[in-house]
Amino acid sequence: MAASSNKWPRADFEENCCTLNGKDERNVKETSTQTSTKVQGHSPRLSKGNLFTLLSLWMELFPKRDKTPDNGSTRGTGLVVVREQRVLGLHCSGAELHAGQVAVVRHGPRLQDCSLYFSRKPCSSCLKMTLNAGVREIWYWPADAEMSLLSGEQEATLDAAAAERLKSNSRPHICVHLQPLPVAMLQFAEETSRDSHFLGRMAADDRSRDVGELFHGERGRNWDGLSARFLVEDAEEHRGRLGKMGLDNFCAEPYFSELRQHMRDLIRVLASVAASVPAPEHGYGFHDDSVATVSAQNTLPQEVVRHCVIQAALLAYRTEDPKVGVGAVIWAEGKLHAGCDGTGNMYLVGCGYNAYPVGSEYAEYPQMDDKQEERRHRKYRYIVHAEQNALTFRSAELKEEENTMLFVTKCPCDECVPLISGAGIKQIYTTDLDSGKHKHDISYLTFSKLRRVQKFIWQKSSLERSAEQDVLPIANGCFKHRKEEDTDGHSSKRLRT
């Protein structure tokens, strides 16, 4: 674990939002296309600024197929492109292009009036191009710059000075996002991540597995890696680096302590959410029973799938559903600009979370679930599902000739399945924990019957499942094959590992 200042206990601090335009802006309200900033439902909710920041940090860690490492002076960077509070693109540095350059290649003039969220302060090359494209504002994570100041090279210092001069002479805001998390957000993220459908699937398959212990182990491992990459352990070293990046306003108290606390809190949230989908070495992944009938070139590596599902899990923390948050993200594999992005030939089509219709105010619609007796007071007829929002607010059209993939944190319901099929989505990555169930006002009966769409379900691989089904324990501690047990007329049992 990191130093004691980075450990899990949380110290709350006042709600404010500071930017580096020479001002201390207090009580800045969030602009939302869905509801007002006061909408909390029955649980805390990520602001959009914090959500975009977390997505940019997570995109920096996108599993690159070329395995190109950081070259020491230039660090890989994640980027989220946002227009009118809606995500248009998720990008990361490629083998040859920086994240900002990727955005210019991918979006061009469509960057005008967009907001860009970088996982690092962009270098002068990216900064001048994105400013020239007419972006409205640029936000970045205040740890190390894209042209790394840790390298000690004079080129990095010169680049930082050039970037500061570009910032000083630009009309768009170039600043650090500092919006503290809602009270109890850390605890809420931990509890909901520990109770995720993915861990629930593992618990249902093996009652002897300690899912809580698995979650805490994964979260601790994530914290070690994420804090080492995105936090600066030594406070004085952090001050020095902020000064080199032109962030002198944050070097004074109380802003410096607030900044560091905010950074630690966001990394803790990211560590918890990432732990909700354990790494493949724990024996689980996204597998399709009919994979033999599908070309191997249409299947993604497990680490890429997991990365995209965690993107969806982050989106779920913007939910307006008072009971359950669901996130969905749609990616496609295209040929245009293939290789310029760190995502290879993948590009974002759309993303969403379950919420009430755009422009609605909190309590205008029913909040009750299926446990209430009066059906007219239930929420299900009013909530727009995550898959529906991802399709509605997509930033690109779905193309028949391309492989379009939906990553969703929960089994699609009967209301969404026809939309997914009709939209031409070819692959779904999810868990089937609710598949085949009917829950009063919402049901999941048609997902298992979905045709012409390949379903990758969170489960053990087919080889492990077949081996588990063929070999079963008997009372004397030996093993016998299922065929033998069937002839004996015994009931089937599952081997516990």
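Four bridges join strand β10 to strand β13 (residues 454-460), and these two strands run parallel; here two strands are said to pair if DSSP finds at least two bridges between them. The model is a predicted one, in which local features need pLDDT of at least 70 and side-chain atom pairs count only at pLDDT 80 or more, while totals for chains, interfaces and linings use all residues. Residues are numbered from 1 along each chain as its sequence is written, and side-chain values use heavy atoms, with hydrogens and water left out. The secondary structure of the chain comes to 14 helices and 15 strands, where helices (H or I, at least four residues) and strands (E, at least two) are DSSP runs numbered from the N terminus.

**The chain as a whole**

- Of the 497 residues of the chain, 54% count as buried, a word that stands for under 20% relative accessible area, with exposed meaning over 50% and partly exposed in between (1.4 Å probe, protein chains only).
- Among contacts between residues at least 6 apart in sequence, 71% join residues at least 24 apart, a contact being heavy atoms within 4.5 Å.

- Together with helix α12 (residues 417-423), β9 and β10 make a right-handed β-α-β unit; right-handed means that, with the strands pointing away from the viewer, the path from the first strand over the helix to the second runs clockwise.

**The five-stranded sheet**

- An open sheet of five strands has the order β2-β1-β3-β4-β5, and its pairing is mixed.
- Because β2 (86-92) and β5 (173-175) stand at the edges, each with a single partner strand, one side of each is left without a neighbour in the sheet.
- Neighbouring strands of this sheet are turned by 15° against each other on average, direction ignored; axes are lines fitted to C-alpha atoms, for helices over the stretch in contact, and angles run from 0 to 180 degrees between N-to-C directions.
- Strand β1 (residues 78-83) is joined to β2 by six bridges, and the two run antiparallel, with Cys92 in β2 as the bridge partner of Gly78.
- Helix α2 packs on the sheet, where it touches β1, β2 and β3 (115-118), and the direction of α2 makes about 125° with that of β2.
- Helix α3 also packs on the sheet, touching β3, β4 (137-140) and β5, and the direction of α3 makes about 150° with that of β4.

**Helices packed against each other**

- Two packed helices are described by the angle between their axes and the distance between the axes.
- Helix α2 (residues 99-107) and helix α3 (residues 124-132) pack at an angle of about 30°, with their axes 8 Å apart.
- That angle makes α2 roughly parallel to α3, on a scale where angles under 35 degrees count as roughly parallel, over 145 as roughly antiparallel, 65 to 115 as roughly perpendicular and the rest as oblique.
- The crossing of α2 past α3 is left-handed, meaning that the near helix is turned anticlockwise from the far one by less than a right angle, whereas clockwise would be right-handed.
- Gly100, Gln101 and Val104 of α2 make this contact with Ser125, Cys126, Met129 and Thr130 of α3.
- Helix α5 (residues 185-194) and helix α7 (residues 211-230) pack at an angle of about 125°, with their axes 10 Å apart, and this makes α5 oblique to α7.
- The crossing of α5 and α7 is right-handed, and the contact is made by Glu190, Ser193 and Arg194 of α5 and by Val211, Gly212, Phe215, His216 and Arg219 of α7.

**Backbone details in loops**

- A cis peptide bond, with omega about 5°, joins Glu253 and Pro254, and Pro254 is found in the loop between α8 (235-244) and α9 (255-275).
- Glu84 has a positive phi of about 50° although it is not a glycine; Glu84 is placed in the loop between β1 and β2 and is exposed, with a relative accessible area of 60%.
- Asp113, in the loop between α2 and β3, is another residue other than glycine with a positive phi, near 70°, and Asp113 is partly exposed, with a relative accessible area of 48%.
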